4 protein chains.
Amino acid sequence: MLRVSESDFLSGSRVDLPKKPWGGRFKKATHELVERFTESVSFDKRLFVDDIEGSIAHVKMLSKQGIVSSEEEQAIIDGLRDIRAEMETGEFPFRTEYEDIHLNIEARLIEKIGEAGGRLHTARSRNDQIALDERLYLRRETREINSLIKSLAGAFLTQAEDNVGVMVPFYTHLQRAQPVLLSHYLLAYFEMLRRDRERYMDCMKRFNVLPLGVCAGAGTTFPIDRHYAAELLGFPTVTRNSIDTVSDRDFVIEFIATSAIHYMHLSRLAEELVLWSSKEFDFVDLGDEFTTGSSIMPQKRNPDVAELIRGKTARVYGSLTAVLTLMKGLPFSYNRDMQEDKEPLFDTVDTVKSSLEVLAEMIKTARFKPESMESALTGGFSTATDLADYLARKGMAFRKAHEVVGGVVSMAEERGRELHQLSIEELRSHSELFAQDVFECITVEGSISSRTSYGGTAKQSVLKQLEECSKELELW
Amino acid sequence: MLRVSESDFLSGSRVDLPKKPWGGRFKKATHELVERFTESVSFDKRLFVDDIEGSIAHVKMLSKQGIVSSEEEQAIIDGLRDIRAEMETGEFPFRTEYEDIHLNIEARLIEKIGEAGGRLHTARSRNDQIALDERLYLRRETREINSLIKSLAGAFLTQAEDNVGVMVPFYTHLQRAQPVLLSHYLLAYFEMLRRDRERYMDCMKRFNVLPLGVCAGAGTTFPIDRHYAAELLGFPTVTRNSIDTVSDRDFVIEFIATSAIHYMHLSRLAEELVLWSSKEFDFVDLGDEFTTGSSIMPQKRNPDVAELIRGKTARVYGSLTAVLTLMKGLPFSYNRDMQEDKEPLFDTVDTVKSSLEVLAEMIKTARFKPESMESALTGGFSTATDLADYLARKGMAFRKAHEVVGGVVSMAEERGRELHQLSIEELRSHSELFAQDVFECITVEGSISSRTSYGGTAKQSVLKQLEECSKELELW
Amino acid sequence: MLRVSESDFLSGSRVDLPKKPWGGRFKKATHELVERFTESVSFDKRLFVDDIEGSIAHVKMLSKQGIVSSEEEQAIIDGLRDIRAEMETGEFPFRTEYEDIHLNIEARLIEKIGEAGGRLHTARSRNDQIALDERLYLRRETREINSLIKSLAGAFLTQAEDNVGVMVPFYTHLQRAQPVLLSHYLLAYFEMLRRDRERYMDCMKRFNVLPLGVCAGAGTTFPIDRHYAAELLGFPTVTRNSIDTVSDRDFVIEFIATSAIHYMHLSRLAEELVLWSSKEFDFVDLGDEFTTGSSIMPQKRNPDVAELIRGKTARVYGSLTAVLTLMKGLPFSYNRDMQEDKEPLFDTVDTVKSSLEVLAEMIKTARFKPESMESALTGGFSTATDLADYLARKGMAFRKAHEVVGGVVSMAEERGRELHQLSIEELRSHSELFAQDVFECITVEGSISSRTSYGGTAKQSVLKQLEECSKELELW
Amino acid sequence: MLRVSESDFLSGSRVDLPKKPWGGRFKKATHELVERFTESVSFDKRLFVDDIEGSIAHVKMLSKQGIVSSEEEQAIIDGLRDIRAEMETGEFPFRTEYEDIHLNIEARLIEKIGEAGGRLHTARSRNDQIALDERLYLRRETREINSLIKSLAGAFLTQAEDNVGVMVPFYTHLQRAQPVLLSHYLLAYFEMLRRDRERYMDCMKRFNVLPLGVCAGAGTTFPIDRHYAAELLGFPTVTRNSIDTVSDRDFVIEFIATSAIHYMHLSRLAEELVLWSSKEFDFVDLGDEFTTGSSIMPQKRNPDVAELIRGKTARVYGSLTAVLTLMKGLPFSYNRDMQEDKEPLFDTVDTVKSSLEVLAEMIKTARFKPESMESALTGGFSTATDLADYLARKGMAFRKAHEVVGGVVSMAEERGRELHQLSIEELRSHSELFAQDVFECITVEGSISSRTSYGGTAKQSVLKQLEECSKELELW
């Protein structure tokens, strides 16, 4: 039987066998194609901070429980800190023959501190280790994302505060519907972001649970203290079933699903920025800093950032499809397929963060154009509903009033006029209920100021929303 | 200009114009192809209970606020109850020319009670009405789903209680990993279901908010009381921004995403049932009632239910892709595209419910086969980890111990023996640390009973899990 | 052991056992929940035409090979034709206890003609039978779809011919790019549809292969003639490997993928119709027949059909996700999961067909608005590229010319003028190469007529495209 | 107005404006966040070979048409070849401030050869340039993929030839169905690969069309010759409509859809390898080179490559979802969103190629285990269909025969025997038609050798398949 000394094992040589930390029973080296195909260190190295943080907590627990000595504990912690420093300065020698971040760090630790390093993996498997790393990573990143959501929500709030008097039509079916305050419109994005933040928080409840200590999936024979490790790492609780723990990637999917809903919101915002930047709408100027040009058409100023955000929705949705596909029909417990959860996760985190960052700046500096917005309010009979409400208030059934106003609109359209340009006689030819006071309610201003229902667009209602949002934002 | 009397409007005739409740300004009838293409009543009629419940609350609120009289209120409520009865008995005359469930009910109401029926739609639009119907529907269905999850979790719990002594290998990479208790294995499904239930509850927090009263999207000029409507319908709160409210379908997506994760779990369970039913594993007998035959091969008994559940994952994932695709890049606020959210939603609800129902029965009646399970434990060196732990406890670094045991396994394999069949001399040729007591820890029973860590597979640990799960289930 | 007579088997009674055509070895009845959960006849009954056509060919082949007698052949064919008639008139008694369309027809056949009906399933399994039905169905439907694509392409061609003189900006980044002929613009859709049609034809090559005769998956012991069956059913060839044949659903996925690409095109068209119908663009009037109204806002006329088509993209994409998910990781050969391929397939066929049908009508009757289009050409410096090309033709490097014209645009913008409103002196302040002839090339008409490159927008080039498309369409 | 000299433009300085090749009209520098967010050179640099090849053809055409001089042509070609050399040696200075591969190369060219470099972009836009690059890239890669498919198909063919005598059950519903030859089983994969190859070829028909010369989307005012450029680059034809050409990414989607179907096949193969490698099946030994170990369990030998392939299906499906999502509802013509098509495309190409490469090796070296396969044939009544066929040949209706044999199986199961272990009397208690010759047809060998139908599993049929596949492979 082949045996190798510790130093052989660390040599990384491709000739001597077995070189893999798991290679005791293997007689032939891993095929080179397999090595390349299966390695994950090229992307999971991003988890190094979390892996080391987790290992430090693990060894502290092992020491507290008497499974390693306190000298070993210290050596291991010192070694791990050294390694972290090497990684931060880019000096760490990553080796694909050690497959993943875990074995790279472990092998390096043994190189640095000798046999004691080999004790770190006591009462632990890569199965629970990776589950821990991913949860620590997600916790870090979710906090960052929530902080970026706060910035973007703040940018909307500021714009809403700065544009309180501005009026704009809101659209249904991309047809002008009714006049609203621009502030009201902008706060709709605030609401979306609020729900997004809540979803991220709920998701965190589920991944903020310590998996460490379930080992390969059956638990361990060592007298470990999982709750102590949880405490060290700031987890409120620990997972309850070891088989479930190593089988579970729900939290990755839930995080990406949460991000997909969030990004869907960003895509809607992006679409509106593209529309509003078009010459046809001309409701917003994003500025030179946030637009780019054409290689052939010298006049172009394109809202590329907004388009790219709309486009990047694709990759977030794609990642969600990927992780769901990945986990479909996998029997218990850990399967190597699960390694494929990382790239979609990382890409989602990066995409969400960079998009929020650039959007917050872009919203902050966007210049809305009240003149164009208001000129869009003059055409299109956007106060027709007010006319119907008027009749309904005068006693006509609303369904009937809607019908009557349909006729009024039709007449106005034929005669090339707006509603307020019709004479009282013309109106009364449709219903005797029309009186002179009707003209107050069909101005754009009148329409807006009368929508005082909770959540409606009247100034008083919007100011209330502003206040509520503002208070809330402080608590985020 | 064309004008029609109320009765014309109700005639449903295809000649007279305008026949649509919204048709006041239209001069030509909707094209027949368009009518067929755009109608939704063929599927949204399933919301009739919710639509009527919502309308009753709406009219009560209108009456309380003096917007309709109490006579009108009573007439409307009576009419709506009549309509509900017609629907329940299948007598309701659905008409696609009224497009959707809302207009079908409204038109019928006017037929029944005359002009008063035309007042119901005061201070309301289909935009907020459909948002209300969907939320009421989801609330009903989510409660049912949670109750079905409870049944399935209960079935696992019972099987776990009934099989406490049974041992089975758990697998990683579909290779036998370590011996565990079958109860422990089954409780892993309990954990999954617990997270699923939590996700449904979190989702409910977000849709359990009243949208009614935002009307088309800008609020209304009528002096409504949205909080009162919320109270009547049991919503803890109301939506805050009218534009957001009519634009929002987050809750549909979140519900389906939650269901996709849940169904992913069912697909994993299904995969295991298929594997375990194969002759090769032979770990479970699902019984004649839960298997079906072949039209050509007389000997077949196939686990069709499990396969179909695995297969139906496809439709839940497909529905999630659909609703995310649907909402991508939609500008504010309501767009007709959003009508397409219903079929994926309904299909998801139906799929999840019918699957849970059949699974709970199937798990209840499944007969596990301890003999096959235990015979799978004899081969495959499933206690090799215990051997390594043994050496580690004797002072060898775990990494080294793993290496050494790799060699032991390799020798045993070559010699065609299991670990416990090696002599102490053979073991000691690998390490002097092996002593006679090693044989205790490499029996299947010894391996299991020593994994006493929290969440591990030792009987005491599993009994604790059983107790916790059992207590928890009572609270669901 | 329980035995039943043929008549018992047909009784459909829930008490006597075994009632299933495959139930010989089963001792307990299928659980009622399982019956409901696994039945497919509620949706696969749509394949009845194909199932019967396939069965007739099968029995003809069996008779030619002497496996059934010609009397039996005749009885079976007569019985099947009767059954088809029953189905066409809605009199056929569908029974979910017979699971699927195949067993429903077979059981009914035996009811009608007695034992001879039991011979039809000789040398056949439902595994090859369903593969045949789906292929026959897809062949029928693909031909219909291609004919509908032809109609829509024809509608674009006619509009292109009718609008040869009309000019419109084309957009990149939703910013006005350059002037083009509307005909040119419309023909871009023709090209898309041409590729779609090609893809459907390529897909058909792969499903137009006879699967019948591979039976359960290993072939049969009967002396069948698969090539004769292929000839009867118009298949150019037969499948080559029986295991592959029953495992294969590629053609379902490829058909839906082809449809997804096609529908993506329809979504882009729909988006443009929505944009062009907005007041802001106002490039097209879809007419009252193709728009609908609002339940609350009397003035609305919404492009619902276009929105729904954009929205229905979701279900086609969802179906593609579904069938791909379905087949992922399924081991050979037939698995019950595969039953789930039908609903996404049928839904895709229905969606594509109804959308094409309504779109063709809508495009035919759409009224384009040259005035709005042309007024969109006056602003936005859409001939700036022509200015740069002018300088490049005079010898300046294009990259330099682009830079110079950027400066010109910037000056024009500041001074509030269009390019052709600048004086020759103003132009020459940017480059001495500008001369009086520059003004010819920066008119909208000049810009268009000079783009004579193949595929470009000059009238002569567009007329050539029109002619080519027109000739091609005749051959479709 | 700010003006800069050519050298300023090339300085890449962040202070002087405008530095962008398209920046003539811009007054403020692009925001740093935007620069990072919108750049694509970090991933589209992979297209450098194609970009340069396309540019060389473009300038040759420009020179032939007299648009650039032959000196300029030569300088540009020399410059481009220099640049290619720089890229191949890793010396090329990529700069994200030049956004993409096109502008990086163009800017470098101007640095190298001065103003002449600025003429390369005459009669061209990045819109047609990127469409060209992607098509050239896909053509290259599709050819490579087809060659890898050939290798894998060859590996299956060789194994099929080497294992002609080996028998194995094929499965439906993961239940043993009937005995087949292993060669027959392996050739089922050959068929799948054949269809995959055909789909790639059909896809190539559609992207193998020259887009160059449509410029921004309206064609050009320069007298170019697109057909000449097509000839230089080996494209059989050119695109017909300039607007369609810059809007079209069908070919990216079709390529990924084709890859998704192909990869679905690989996932099914992978699943079978995982199953077959399990102790429970034990049908194949993948060898040490193609398996890996566990960090904690010393006995493990896991089929990681197969699992990862199954898992990587997720990313290919995710990429398909991504590109479909991307293009949904995009109005004409180029939108910046489309930049997002590249990463999913590249990832798909890489995934498919590396998977095929490792699979071909793994299949070549896999060792099938005839003993385990054959022992799986002894249990499970896998010749029951033969028994029913026997009765049908003796005149009993097949449906009746199936029923009778169901009873036989049931009796055998109760008595704990296999079919061939029943006595003739026992058989005859079910049907008088059973005679002594029945025993020939219910041996595993008899079952196989009697399935002589085309595509069936009898040796003569399989040898015919082998021969056909072998001939075909030579032509690939």
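**Contacts between chains**

Guide: The contact (heavy atoms within 4.5 Å) between the chains B and C takes 60 residues from chain B and 60 residues from chain C. This is a predicted model, in which local features need pLDDT of at least 70, side-chain atom pairs count only at pLDDT 80 or more, and totals for chains, interfaces and linings use all residues. Residues are numbered from 1 along each chain as its sequence is written, chains are lettered from A and ligands numbered from 1 in the order in which they are written, and side-chain values use heavy atoms, with hydrogens and water left out.

Visitor: How many salt bridges are found across the interface of chain B and chain C?

Guide: A salt bridge is a side-chain nitrogen of Lys or Arg within 4 Å of a carboxyl oxygen of Asp or Glu. Glu289(B) and Lys28(C) form one, with their closest N and O atoms 3.7 Å apart. Across this interface of chain B and chain C, the rule gives 12 salt bridges.

Visitor: What area is buried between chain A and chain B?

Guide: Buried area is the accessible area (1.4 Å probe) that two parts lose on being put together, summed over both. Here 125 residues of chain A meet 125 residues of chain B. Carbon and sulfur atoms give 53% of the buried area, which totals about 10700 Å².

Visitor: Which residue of chain B forms a salt bridge with Glu413(A)?

Guide: Between chain A and chain B the count is 28 salt bridges. In the one formed by Glu413(A), the closest N and O atoms are 2.6 Å apart, and the partner is Arg25(B).
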